[in-house]
Amino acid sequence: MKAKTQLTGRVIFKGDPGYETARKNWDPHTDRFPKVFVFAKKTRDVANAIKWAREHKVPIRPRSGRHALETNLSQVNGGLVIDTSELKKITLNKKSNTAVVETGNRVGRIVDTLARQGYMAPFGDSPSVGIGGITPGGGIGPLQRTTGLISDNLLALEMVDAKGRIIRASKKRNSDLLWASRGGGGGNFGVYTKYKFKVRRAPVRATVFSITWPWEQFEEVVKAWQRWAPFTSTKLGSELSVGPKKGGNVSMLGVYLGCKKKALKFLQPILSVGTTTKRDIQSLPWLQATKFLLAPDPILPQKFSNQFSSGFGRRPFPDKAFKYMREFLEKAEGGTPAGFYFLNWGGAIRKIAPRATAFYWRDPHYYVEWNSSWVKPSHAAKNIALARNTRKKLQPFIVGSYINVPDQGIKCSGPVYYGKNFARLRRVKAKYDPQNVFNNPQSIPPAK
């Protein structure tokens, strides 16, 4: 049978001008060489790309923000990468408090566009992450205790399936696909092209804070944070980072959706711990507050390669966990973004039952991730081993893992990412992609 589908959109084959630029991911050591990139200009371009790939029997990888923390999840040797980054429309409906966004938008652009019109949308810790990928994986961030996860605000979507058909999902139709897309991870069911979100009026002002402590006080600060952060006001979101021993410190960034006086009252228990070296606490108009929280990061590429892993804590770390944390931070390369990162949980996240959406990990008290970083490719193996061995040691103190921070060292990863929702996700996969066209090293296999 003669192949009949033509590729449309902005098409770049291997060997074409612009190929190397198209190949660059956030991780600078991208080592995959796809056959062709299709930068979709409209949904039909995505459909044509999928049909073409199937006719030519080449693997497919969807990509939106180029932020995949494991390169081979968004690129594949000899395959076709469907890049939605040029699908950038954002439509706010003030009557219904909803926004329709195309999946090529980066989180920062959506937050900025809505903030200028007096609205707020949940976001993570980086403005350059693509909304296309962060949403189906859950989407965690400092506002989640008030707004829920990014995916909790997803009301409807448009997706192109493995046959190139355009499918729409909402509570009323294809509701199983909507359920799966709220925490079931990107790249499993099809290529998403549009999301409809519930949005909220933004506060006129918010209180933002950035606090720093010396590295030597990390145990004291983390212990206090783990006992305070999950139980303080749900209008307060905080993320705590601990850098490497060589040149690192302890820093807390966050927001309180209210006045500075109340923020200081809620922050008092953590501010009284250790000796802070910096306290920046400001009441700002909402747009400025988002800029404070979403400090620009390099869009492409950064200097460092990373190995991440993650989990959720149901109770504070015991001393043994701190011993392993310290070992990791002492071995991590100085001058890199390596370290530990904690985010407080609860509030709106916990109000949703674990089976109500594909995102299962609703009841922990905090989220934890760690990453080792390196510049020289020759340092890769030891750093990957450092992150993965730390996971083995911390295993007794955490549950699950976050699909948007994938770790390909996790064997039989389905139940680790999706808990008791994995079996149902496999059934949804079997319905929308029975031949497993959309697959990657940790994708959901269809139910038999």
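C259 is partly exposed, with a relative accessible area of 42% (buried means under 20%, exposed over 50% and partly exposed in between, with a 1.4 Å probe and protein chains only). The model is predicted: local features need pLDDT of at least 70 and side-chain atom pairs count only at pLDDT 80 or more, whereas totals for chains, interfaces and linings use all residues. Residues are numbered from 1 along each chain as its sequence is written, and side-chain values use heavy atoms, with hydrogens and water left out. An open sheet of five strands, an open sheet of seven strands and one cavity of 30 Å³ or more are described below.

**Cysteines**

- C412 counts as exposed, at 69% relative accessibility.
- The model has zero disulfides, a disulfide being a pair of cysteine sulfur atoms within 2.5 Å.

**Five-stranded sheet**

- The strand order is β5-β6-β10-β8-β9, with antiparallel pairing; two strands pair if DSSP finds at least two bridges between them.
- Helices (H or I, at least four residues) and strands (E, at least two) are DSSP runs, numbered from the N terminus.
- β5 (90-93) and β9 (166-169) are the edge strands, and each pairs on one side only.
- Direction ignored, neighbouring strands of this sheet are turned by 10° against each other on average; axes are lines fitted to C-alpha atoms, for helices over the stretch in contact, and angles run from 0 to 180 degrees between N-to-C directions.
- Helix α2 (residues 43-55) packs on this sheet and touches β8, β9 and β10 (191-198), its direction making about 50° with that of β8; contact means heavy atoms within 4.5 Å.
- β8 (residues 154-160) is joined to β9 by four bridges, and the two run antiparallel. In this sheet L157 stands opposite A169 of β9.
- β8 also runs antiparallel to β10, with six bridges between them; A156 stands opposite K196 in β10.
- β6 (residues 98-102) pairs with β10 over five bridges in the antiparallel sense, and V101 stands opposite Y195 in β10.

**Seven-stranded sheet**

- The order here is β15-β12-β14-β13-β17-β18-β16, and the pairing is antiparallel.
- At the edges are β15 (278-285) and β16 (305-313), each of which pairs on one side only.
- Neighbouring strands of this sheet are turned by 15° against each other on average, direction ignored.
- Eight bridges connect β12 (residues 205-214) with β15 in an antiparallel arrangement, and R205 stands opposite P285 in β15.
- Helix α7 (residues 218-228) packs on the sheet; the strands touched by α7 are β12, β13 (236-242), β14 (249-256), β17 (339-344) and β18 (366-374). The direction of α7 makes about 155° with that of β13.
- Helix α8 (residues 260-271) packs on the sheet as well, touching β12, β13, β14 and β15, and its direction makes about 155° with that of β15.

- The model holds one cavity of 30 Å³ or more: on a 1 Å grid over the protein atoms alone, a cavity is a set of points where a 1.4 Å probe fits but cannot get out, and lining residues have an atom within 4 Å of a point.
- About 90 Å³ of space lies in the largest cavity; grid points are joined across faces, edges and corners, and the volume is the space filled by probe spheres set on the points.
- The largest cavity is lined by 13 residues, of which I110, A121, P122, I131 and F197 are the closest to its centre.
- β6, α3 (107-115) and β10 each supply at least two residues of this lining, and α3 gives the most, with four.
- α3 is mostly covered, with seven of its nine residues buried: V107, G108, I110, V111, D112, L114 and A115.
- The cover over the buried residues of α3 includes β5, β6, β7 (119-120), α4 and α9 (286-293).

**Two loop residues**

- T135 sits in the loop between α4 (131-134) and α5 (144-147) and is buried, with a relative accessible area of 0%.
- Apart from neighbours within four places in sequence, T135 is in contact with I150, S151, L154, S181, Y195 and F197.
- V375 lies in the loop between β18 and α11 (380-394) and is partly exposed, with a relative accessible area of 41%.
- The C-alpha atoms of V375 and S305 are separated by 6.3 Å, although the two are 70 residues apart along the chain.
- Leaving aside neighbours within four places in sequence, V375 is in contact with H29, K303, F304 and E333.

Note on methods: 1 Å grid on protein atoms, 1.4 Å probe; cavity = no way out; pocket = protein on both sides within 12 Å on 5 of 7 lines; lining within 4 Å.
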